[in-house]
Amino acid sequence: MTEDKEWRIALAGNPNTGKSTLFNALTGLRQHTGNWPGKTVVHAEGSFTYNDKTYKIIDLPGTYSLLSNSADEEVARDFIIFEKPDVTIVVLDATALERNLNLALQVLEMTDQVIVCINLIDEARKKGIEINKSLLAKKLGVPVLTISARNGEGIDELLKTIDLMVKGKIKTNPIKIQYSPDIEEKIAKLIPLVTKLFGTEYPARWVALRLLDGDHSLLDALKRDYHSSVRRLTANGYPCSC
């Protein structure tokens, strides 16, 4: 791996999970905001260094899902799928874990480079809530950490986990959600077609699910990204018969 590479991290999570607090804790004053291209959605990114590695961290809009029901959801979805961050951190609220896990499961269908970060663990303790992060990690198939971003608790462990993941020293095996037999049959028929069109560029199972869901926004985004990729290849001297 190239040591001078700038590694990219995406921060995803429901609103009010302390995601922006974690963003601030990691980046300090090394951050700036603007708007996502063509959107009125705020774009925040910053940077930090750890173990002589430089990281750019992108604070995605807070969303409850990635099903393109709003501009915020489309921005978060498109960044994970098309920009392919080296690590996606999903921030969950320790006091509302069941509700927050829906987003985590959606992200796990899109990428396997995921760290689940359960924030507000101090508030959970006050309410007598105990979280077995080892068991949860085993079930989800990715690292699960508990933190309190505002108190700095667990930040060192998070940084170490990020470092190990970008070094390829953490092997993940994300949970695969099983749907009804009818849906699984349709997914199985679509996956070879998606793979034929896009190869391994996108997670075929996830794309198949979105096609079955009638996600026209994703179809438009896939077309834009596909044609953009063709233009880049042609500009760089690669022949393309697409």
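Predicted model: local features only at pLDDT ≥ 70, side-chain atom pairs only at ≥ 80, totals over all residues.
Me: How do you know that the length of helix α3 agrees with its number of residues?
Reply: Helix α3 covers residues 97–110, and at 1.5 Å a residue its 14 residues should span 20 Å; the end C-alpha atoms are 20 Å apart, so the two values agree.

Me: Why is α3 called mostly covered?
Reply: Ten of the 14 residues of α3 are buried, where buried means under 20% relative accessible area. Among them are L97, N100, L101 and L103, and the elements that cover the buried residues include β1 (6–13), α2 (71–83), β5 (87–93), β6 (114–119), α5 (133–140) and α8 (204–212).

Me: What makes K56 and E45 a salt bridge?
Reply: The closest N and O atoms of K56 and E45 are 3.6 Å apart, and the cut-off is within 4 Å, so the pair qualifies as a salt bridge. K56 lies in strand β4 (residues 53–59) and E45 in strand β3 (residues 42–50), so the pair ties together parts that are eleven residues apart in sequence.

Me: Why is E45 called buried, and why is K56 called partly exposed?
Reply: E45 has a relative accessible area of 14%, and because the limit for buried is under 20%, E45 is classed as buried. K56 has a relative accessible area of 24%, a value that belongs to the class between under 20% and over 50%, so K56 is partly exposed.

Me: What makes K84 and E201 a salt bridge?
Reply: The closest N and O atoms of K84 and E201 are 3.4 Å apart, and a salt bridge requires them within 4 Å, so the pair meets the criterion. This pair links distant parts of the chain, with K84 in the loop between α2 and β5 and E201 in the loop between α7 (181–198) and α8, 117 residues apart. K84 counts as partly exposed at 36% relative accessibility, and E201 is partly exposed with a relative accessible area of 37%.

Key: Residues numbered from 1 in each chain as written. Heavy atoms only, no water. Helix = DSSP H or I, 4+ residues; strand = E, 2+ residues; numbered from the N terminus. Expected span 1.5 Å × (residues − 1). Buried < 20%, exposed > 50% of the residue type's maximum accessible area, 1.4 Å probe, protein only. Contact = heavy atoms within 4.5 Å. Salt bridge = Lys/Arg side-chain N within 4 Å of Asp/Glu carboxyl O.
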